[in-house]
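Hi,

Here is the structure we talked about passing on. Please open it first, then read my notes below.

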Amino acid sequence: MNAVIIDKLKARFGEQSIRVSEFRGELTLVVPKDHIVGICRFLKEDAELKFDLLADVCGIDMNTAEKRFGVIYNLYSLSNKFRLRLKTFTEEEDPKVPTVTGVWGTANWHERETFDMFGIVFEGHPDLRRVYMPEEFEHYPLRKDFPLMGIPGSIPLPKNK
Amino acid sequence: MGLEHALGDSFLTTKIDLAINWCRKNSLWPMPMGISCCAIEMMAFAGPRFDVARFGSEVFRFSPRQSDVMIVAGTTTFKMAKVVRKIYDQMPDPKWVIAMGACTSSGGMYRTYSVVQGIDQFLPVDVYVAGCPPRPDNLLNALIKLQEKVQRGESKGSFPAFVGEPKLNQPQALPIISG
(Lines give C-alpha, C1' and ligand atoms only; values in the text may rest on other atoms or scores of the structure.)
Protein backbone atom coordinates (compact mmCIF):
# COMPACT_ATOMS: atom_id res chain seq x y z
CA MET A 1 0.00 0.00 0.00
CA ASN A 2 2.83 2.42 0.85
CA ALA A 3 4.46 2.00 -2.56
CA VAL A 4 1.15 2.43 -4.35
CA ILE A 5 0.44 5.72 -2.63
CA ILE A 6 3.94 7.08 -3.19
CA ASP A 7 4.02 6.07 -6.85
CA LYS A 8 0.63 7.53 -7.59
CA LEU A 9 1.40 10.84 -5.87
CA LYS A 10 4.81 11.19 -7.50
CA ALA A 11 3.36 10.44 -10.90
CA ARG A 12 0.71 13.07 -10.40
CA PHE A 13 2.53 15.85 -8.50
CA GLY A 14 6.20 15.34 -9.43
CA GLU A 15 9.21 13.76 -7.69
CA GLN A 16 10.41 16.81 -5.81
CA SER A 17 7.16 17.84 -4.23
CA ILE A 18 6.84 14.93 -1.77
CA ARG A 19 9.22 13.86 0.98
CA VAL A 20 8.57 10.37 2.30
CA SER A 21 9.41 8.88 5.68
CA GLU A 22 8.32 5.65 7.21
CA PHE A 23 8.48 4.57 10.83
CA ARG A 24 7.23 1.17 11.99
CA GLY A 25 4.93 0.83 9.01
CA GLU A 26 3.42 4.29 9.44
CA LEU A 27 3.74 6.37 6.32
CA THR A 28 4.33 10.12 6.57
CA LEU A 29 4.46 12.47 3.62
CA VAL A 30 5.74 16.03 3.81
CA VAL A 31 4.20 18.08 1.05
CA PRO A 32 4.41 21.77 0.04
CA LYS A 33 1.48 23.80 1.25
CA ASP A 34 0.55 25.00 -2.24
CA HIS A 35 -0.25 21.43 -3.23
CA ILE A 36 -2.07 20.38 -0.05
CA VAL A 37 -5.61 20.81 -1.36
CA GLY A 38 -4.83 19.06 -4.65
CA ILE A 39 -3.10 16.16 -2.91
CA CYS A 40 -5.93 15.77 -0.40
CA ARG A 41 -8.56 15.79 -3.12
CA PHE A 42 -6.56 13.24 -5.13
CA LEU A 43 -6.12 10.94 -2.12
CA LYS A 44 -9.82 11.11 -1.35
CA GLU A 45 -11.19 10.71 -4.83
CA ASP A 46 -8.77 8.15 -6.28
CA ALA A 47 -10.73 4.93 -6.85
CA GLU A 48 -8.04 2.75 -5.33
CA LEU A 49 -6.84 4.86 -2.38
CA LYS A 50 -10.15 6.30 -1.11
CA PHE A 51 -8.93 8.21 1.96
CA ASP A 52 -12.49 9.11 2.85
CA LEU A 53 -11.99 9.93 6.54
CA LEU A 54 -10.04 12.90 7.88
CA ALA A 55 -9.37 11.64 11.40
CA ASP A 56 -7.66 14.75 12.75
CA VAL A 57 -5.94 17.98 11.87
CA CYS A 58 -3.46 19.40 14.32
CA GLY A 59 -0.67 21.94 14.41
CA ILE A 60 2.94 21.87 15.51
CA ASP A 61 5.37 24.60 16.50
CA MET A 62 8.88 23.52 15.47
CA ASN A 63 10.34 26.69 17.05
CA THR A 64 12.74 27.13 14.14
CA ALA A 65 13.55 30.31 12.25
CA GLU A 66 12.14 29.21 8.92
CA LYS A 67 9.05 27.07 8.36
CA ARG A 68 8.18 27.34 12.04
CA PHE A 69 4.60 26.11 11.98
CA GLY A 70 3.32 22.85 10.64
CA VAL A 71 -0.10 21.37 10.02
CA ILE A 72 -0.58 17.61 10.26
CA TYR A 73 -3.44 15.77 8.57
CA ASN A 74 -4.22 12.25 9.75
CA LEU A 75 -6.13 10.39 7.06
CA TYR A 76 -7.82 7.01 7.15
CA SER A 77 -9.12 4.90 4.33
CA LEU A 78 -12.11 2.91 5.54
CA SER A 79 -12.14 0.51 2.60
CA ASN A 80 -8.38 -0.18 2.68
CA LYS A 81 -8.09 0.04 6.49
CA PHE A 82 -5.00 2.18 6.00
CA ARG A 83 -3.70 5.27 7.75
CA LEU A 84 -1.64 8.07 6.25
CA ARG A 85 -0.12 11.18 7.75
CA LEU A 86 0.40 14.35 5.73
CA LYS A 87 2.52 17.24 6.92
CA THR A 88 2.94 20.72 5.56
CA PHE A 89 4.96 23.61 6.89
CA THR A 90 4.60 27.36 6.82
CA GLU A 91 6.72 30.34 7.78
CA GLU A 92 6.56 32.21 11.10
CA GLU A 93 5.57 35.59 9.66
CA ASP A 94 1.95 35.50 8.60
CA PRO A 95 1.46 31.71 8.72
CA LYS A 96 -1.10 30.67 6.13
CA VAL A 97 -2.17 27.29 4.80
CA PRO A 98 -4.98 26.64 2.28
CA THR A 99 -8.06 25.08 3.84
CA VAL A 100 -9.21 21.52 3.08
CA THR A 101 -12.81 22.11 4.19
CA GLY A 102 -13.79 21.73 0.53
CA VAL A 103 -12.47 18.17 0.57
CA TRP A 104 -13.65 16.94 3.98
CA GLY A 105 -16.32 18.86 5.89
CA THR A 106 -14.74 17.57 9.12
CA ALA A 107 -11.80 19.85 8.56
CA ASN A 108 -13.91 22.85 9.52
CA TRP A 109 -13.67 22.52 13.31
CA HIS A 110 -10.27 20.84 13.30
CA GLU A 111 -8.84 23.82 11.44
CA ARG A 112 -10.60 26.21 13.79
CA GLU A 113 -8.94 24.41 16.70
CA THR A 114 -5.53 24.63 15.03
CA PHE A 115 -6.10 28.32 14.39
CA ASP A 116 -7.17 28.82 18.01
CA MET A 117 -4.08 27.13 19.45
CA PHE A 118 -1.34 28.12 16.95
CA GLY A 119 -2.65 31.11 15.02
CA ILE A 120 -2.26 29.39 11.66
CA VAL A 121 -4.68 31.02 9.25
CA PHE A 122 -6.49 28.66 6.90
CA GLU A 123 -7.11 30.56 3.70
CA GLY A 124 -10.61 30.10 2.34
CA HIS A 125 -12.04 28.69 5.56
CA PRO A 126 -15.76 29.54 5.74
CA ASP A 127 -15.86 30.43 9.46
CA LEU A 128 -12.43 30.82 11.05
CA ARG A 129 -13.26 31.68 14.68
CA ARG A 130 -11.79 30.47 17.95
CA VAL A 131 -13.21 27.25 19.39
CA TYR A 132 -11.86 26.91 22.93
CA MET A 133 -10.50 30.25 24.04
CA PRO A 134 -12.69 33.34 24.50
CA GLU A 135 -13.24 35.41 21.37
CA GLU A 136 -11.38 38.43 22.75
CA PHE A 137 -8.25 36.42 23.69
CA GLU A 138 -5.25 37.72 21.77
CA HIS A 139 -2.64 35.00 22.16
CA TYR A 140 -2.10 31.48 20.84
CA PRO A 141 -1.58 29.15 23.80
CA LEU A 142 0.16 26.15 22.20
CA ARG A 143 2.96 28.23 20.70
CA LYS A 144 6.32 27.54 22.30
CA ASP A 145 6.77 31.14 23.42
CA PHE A 146 3.45 31.19 25.34
CA PRO A 147 3.98 30.70 29.11
CA LEU A 148 2.24 27.67 30.64
CA MET A 149 0.40 29.75 33.24
CA GLY A 150 -0.76 32.22 30.62
CA ILE A 151 -0.37 35.95 30.57
CA PRO A 152 -1.92 37.50 33.71
CA GLY A 153 -4.88 39.68 32.91
CA SER A 154 -5.21 38.45 29.35
CA ILE A 155 -8.55 36.81 30.14
CA PRO A 156 -10.77 39.00 32.34
CA LEU A 157 -12.54 37.43 35.33
CA PRO A 158 -15.83 38.69 36.75
CA LYS A 159 -15.36 41.06 39.71
CA ASN A 160 -15.70 39.59 43.19
CA LYS A 161 -18.02 42.16 44.67
CA MET B 1 -39.18 33.45 81.13
CA GLY B 2 -42.29 35.27 81.98
CA LEU B 3 -44.06 34.73 78.69
CA GLU B 4 -43.48 30.97 78.60
CA HIS B 5 -44.65 30.76 82.20
CA ALA B 6 -47.82 32.60 81.28
CA LEU B 7 -48.54 30.55 78.14
CA GLY B 8 -47.76 27.12 79.49
CA ASP B 9 -45.64 24.17 78.28
CA SER B 10 -46.78 24.18 74.66
CA PHE B 11 -44.92 27.42 73.78
CA LEU B 12 -41.25 28.23 73.23
CA THR B 13 -39.86 31.72 72.93
CA THR B 14 -36.69 32.53 71.00
CA LYS B 15 -35.09 35.29 68.97
CA ILE B 16 -36.47 35.76 65.47
CA ASP B 17 -32.95 35.57 63.98
CA LEU B 18 -32.35 32.18 65.52
CA ALA B 19 -35.69 30.85 64.35
CA ILE B 20 -35.18 32.08 60.78
CA ASN B 21 -31.63 30.76 60.61
CA TRP B 22 -32.81 27.41 61.98
CA CYS B 23 -35.39 27.24 59.19
CA ARG B 24 -32.83 28.26 56.58
CA LYS B 25 -30.17 25.80 57.60
CA ASN B 26 -32.54 22.85 57.39
CA SER B 27 -33.79 23.70 53.95
CA LEU B 28 -30.71 24.71 51.98
CA TRP B 29 -31.70 24.11 48.39
CA PRO B 30 -28.64 23.51 46.23
CA MET B 31 -27.95 24.93 42.81
CA PRO B 32 -25.95 22.09 41.23
CA MET B 33 -23.16 23.75 39.27
CA GLY B 34 -21.82 20.43 38.03
CA ILE B 35 -19.02 21.34 35.65
CA SER B 36 -17.01 18.12 35.58
CA CYS B 37 -16.37 14.83 37.36
CA CYS B 38 -17.14 16.12 40.89
CA ALA B 39 -20.73 16.31 39.68
CA ILE B 40 -20.88 12.50 39.69
CA GLU B 41 -20.08 12.49 43.40
CA MET B 42 -22.57 15.30 43.87
CA MET B 43 -25.24 13.07 42.33
CA ALA B 44 -24.29 10.27 44.72
CA PHE B 45 -24.58 12.81 47.54
CA ALA B 46 -28.14 13.49 46.43
CA GLY B 47 -29.01 9.87 45.83
CA PRO B 48 -30.48 7.32 48.24
CA ARG B 49 -27.21 5.86 49.54
CA PHE B 50 -25.86 9.06 51.04
CA ASP B 51 -29.24 10.74 51.06
CA VAL B 52 -28.87 14.47 51.53
CA ALA B 53 -32.61 14.57 52.22
CA ARG B 54 -31.68 13.79 55.82
CA PHE B 55 -30.31 17.34 55.98
CA GLY B 56 -33.12 19.03 54.08
CA SER B 57 -31.15 19.68 50.88
CA GLU B 58 -32.66 17.11 48.59
CA VAL B 59 -34.34 19.66 46.35
CA PHE B 60 -31.78 20.25 43.63
CA ARG B 61 -33.05 23.32 41.82
CA PHE B 62 -31.90 23.84 38.28
CA SER B 63 -33.05 27.42 38.48
CA PRO B 64 -30.80 29.80 40.38
CA ARG B 65 -33.81 31.82 41.45
CA GLN B 66 -35.07 29.04 43.67
CA SER B 67 -31.83 28.01 45.33
CA ASP B 68 -29.83 28.98 48.40
CA VAL B 69 -26.45 27.31 48.03
CA MET B 70 -24.42 26.88 44.90
CA ILE B 71 -22.27 23.75 44.82
CA VAL B 72 -19.54 24.47 42.28
CA ALA B 73 -18.42 20.97 41.39
CA GLY B 74 -15.65 20.84 38.85
CA THR B 75 -12.80 22.50 36.97
CA THR B 76 -13.75 26.10 36.29
CA THR B 77 -12.15 27.54 33.19
CA PHE B 78 -11.87 31.24 32.51
CA LYS B 79 -14.51 30.90 29.85
CA MET B 80 -16.89 29.17 32.28
CA ALA B 81 -16.17 31.65 35.10
CA LYS B 82 -18.44 34.27 33.52
CA VAL B 83 -21.29 31.77 33.40
CA VAL B 84 -20.77 30.66 37.01
CA ARG B 85 -20.72 34.26 38.20
CA LYS B 86 -23.83 35.10 36.21
CA ILE B 87 -25.76 32.20 37.74
CA TYR B 88 -24.52 33.18 41.20
CA ASP B 89 -25.70 36.74 40.62
CA GLN B 90 -29.16 35.43 39.73
CA MET B 91 -29.56 33.67 43.07
CA PRO B 92 -31.61 35.58 45.65
CA ASP B 93 -30.07 36.65 48.97
CA PRO B 94 -29.18 35.05 51.31
CA LYS B 95 -26.90 32.74 49.38
CA TRP B 96 -23.89 30.56 49.99
CA VAL B 97 -21.23 28.82 47.92
CA ILE B 98 -19.55 25.46 48.42
CA ALA B 99 -16.34 24.98 46.41
CA MET B 100 -16.27 21.25 45.86
CA GLY B 101 -13.02 19.52 45.00
CA ALA B 102 -9.41 20.43 44.37
CA CYS B 103 -9.92 22.02 40.94
CA THR B 104 -12.64 24.33 42.13
CA SER B 105 -10.81 25.34 45.29
CA SER B 106 -7.33 25.87 43.84
CA GLY B 107 -7.16 24.84 40.19
CA GLY B 108 -6.05 21.40 41.34
CA MET B 109 -3.85 19.52 38.93
CA TYR B 110 -4.81 21.91 36.14
CA ARG B 111 -2.02 24.40 36.70
CA THR B 112 -2.46 25.94 33.30
CA TYR B 113 -3.49 29.06 31.41
CA SER B 114 -7.12 28.12 30.85
CA VAL B 115 -8.21 27.16 34.39
CA VAL B 116 -9.02 29.64 37.17
CA GLN B 117 -6.71 28.85 40.09
CA GLY B 118 -9.48 28.82 42.67
CA ILE B 119 -13.01 30.14 42.24
CA ASP B 120 -12.55 32.49 45.19
CA GLN B 121 -10.94 34.84 42.65
CA PHE B 122 -14.41 35.72 41.42
CA LEU B 123 -16.88 34.21 43.92
CA PRO B 124 -17.25 34.52 47.70
CA VAL B 125 -16.75 30.94 48.88
CA ASP B 126 -18.16 29.79 52.23
CA VAL B 127 -16.88 26.21 52.48
CA TYR B 128 -14.06 24.46 50.63
CA VAL B 129 -14.07 20.69 50.19
CA ALA B 130 -10.80 18.85 49.58
CA GLY B 131 -10.55 15.72 47.49
CA CYS B 132 -10.26 14.77 43.85
CA PRO B 133 -13.12 14.13 43.70
CA PRO B 134 -14.34 14.35 47.32
CA ARG B 135 -16.36 11.44 48.58
CA PRO B 136 -20.07 12.17 48.95
CA ASP B 137 -19.77 11.94 52.73
CA ASN B 138 -17.13 14.67 52.60
CA LEU B 139 -19.61 16.86 50.76
CA LEU B 140 -22.20 16.00 53.42
CA ASN B 141 -19.65 17.14 55.97
CA ALA B 142 -19.30 20.41 54.06
CA LEU B 143 -23.06 20.84 54.14
CA ILE B 144 -23.09 20.32 57.90
CA LYS B 145 -20.29 22.89 58.29
CA LEU B 146 -22.32 25.25 56.14
CA GLN B 147 -25.39 24.66 58.31
CA GLU B 148 -23.32 25.74 61.32
CA LYS B 149 -22.40 28.95 59.48
CA VAL B 150 -26.02 29.54 58.52
CA GLN B 151 -27.11 29.07 62.12
CA ARG B 152 -24.55 31.70 63.17
CA GLY B 153 -25.94 34.03 60.50
CA GLU B 154 -22.76 34.13 58.44
CA SER B 155 -22.47 34.38 54.71
CA LYS B 156 -19.53 35.46 52.60
CA GLY B 157 -21.54 36.78 49.72
CA SER B 158 -24.99 37.82 50.92
CA PHE B 159 -26.00 41.32 51.81
CA PRO B 160 -25.69 41.53 55.65
CA ALA B 161 -29.31 42.61 56.16
CA PHE B 162 -30.51 39.24 54.92
CA VAL B 163 -28.45 37.13 57.29
CA GLY B 164 -28.56 39.29 60.42
CA GLU B 165 -26.06 41.90 61.58
CA PRO B 166 -22.41 40.98 61.05
CA LYS B 167 -20.60 40.11 64.26
CA LEU B 168 -17.89 42.71 64.75
CA ASN B 169 -14.36 42.02 65.99
CA GLN B 170 -14.65 38.36 65.14
CA PRO B 171 -12.51 37.17 62.28
CA GLN B 172 -14.60 34.76 60.26
CA ALA B 173 -12.33 31.79 59.70
CA LEU B 174 -13.16 29.69 56.70
CA PRO B 175 -13.72 26.07 57.62
CA ILE B 176 -11.43 23.83 55.60
CA ILE B 177 -12.45 20.21 55.59
CA SER B 178 -9.69 17.67 55.34
CA GLY B 179 -10.02 14.84 52.91
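**What I found**

Of the 179 residues of chain B, 39% count as buried. Keep in mind that this is a predicted model.

**Chain B: overall**

Chain B has seven helices and five strands. Along the sequence they come in the pattern α-α-β-α-β-α-β-α-β-α-α-β. Now look at the contacts in chain B with a separation of 6 or more: 78% of them are accounted for by residues 24 or more positions apart.

**Chain B: the core**

In soluble globular proteins, nonpolar side chains tend to be buried together. The largest nonpolar core here has 39 residues. Which of them touch the most other members? They are V72(B), I98(B) and M100(B). Several elements of chain B give two or more residues to this core: β1 (30–34), α3, β2 (69–73), α4 (78–90), β3 (96–100), β4 (127–129) and α6.

**Chain B: two packed helices**

Two packed helices are described by the angle between their axes and the distance between the axes. Take helix α3 (residues 38–46) and helix α6 (residues 136–151) of chain B. They pack at an angle of about 70°, and their axes are 8 Å apart. Angles of 65 to 115 degrees count as roughly perpendicular, so α3(B) is roughly perpendicular to α6(B). From α3(B), the contact uses E41(B), M42(B), A44(B) and F45(B). From α6(B), it uses P136(B), L139(B) and L140(B). By class, that contact has six nonpolar residues, one charged residue and no polar ones.

**Chain A: the sheet**

Five strands of chain A form an open sheet. Their order is β1-β2-β5-β4-β3, and the pairing is mixed. β1 and β3 of chain A stand at the edges with a single partner strand each, so one side of each has no neighbour in the sheet. From one strand to the next, the twist averages 20°.

Start at β1(A), residues 19–23. Is this strand buried or in the open? None of its five residues is buried, so β1(A) lies largely in the open. β1(A) pairs with β2(A), residues 26–30, in the antiparallel sense over five bridges. F23(A) stands opposite E26(A) in β2(A). The two strands form a hairpin with two residues between them. In that turn, R24(A) has a positive phi of about 50°.

Next, go to β3(A) and β4(A). They run antiparallel and are joined by eight bridges. One bridge pairs V57(A) with Y73(A) in β4(A). Helix α3 (residues 107–118) of chain A lies across β3 and β4 of that chain, running at about 10° to β3(A).

**Chain A: the loop**

E66(A) lies in the loop between β3 (53–61) and β4 (69–77) of chain A. Why does E66(A) count as exposed? It has 9 C-beta neighbours inside 10 Å, and a residue counts as exposed with 12 or fewer. Also check E66(A) against S79(A): they are 13 residues apart along the chain, yet their C-alpha atoms are separated by 38 Å.

**Where the chains meet**

Nine residues of chain A are in contact with 13 residues of chain B. On the chain A side, seven are nonpolar, two are polar and none is charged.

Best wishes

Conventions:
Residues numbered from 1 in each chain as written. Chains lettered and ligands numbered in written order. Predicted model: local features only at pLDDT ≥ 70, side-chain atom pairs only at ≥ 80, totals over all residues. Axes fitted to C-alpha atoms, helices over the stretch in contact; angles between N-to-C directions. Helix = DSSP H or I, 4+ residues; strand = E, 2+ residues; numbered from the N terminus. Parallel < 35°, antiparallel > 145°, perpendicular 65-115°, else oblique. Contact = placed C-beta atoms within 7 Å. Nonpolar A, V, L, I, M, F, W, Y, C, P; charged D, E, K, R; others polar. Core = buried A, V, L, I, M, F, W, Y, C linked by C-beta atoms within 7 Å. Buried ≥ 20, exposed ≤ 12 C-beta atoms within 10 Å, placed from the backbone. Pairing = 2+ DSSP bridges.
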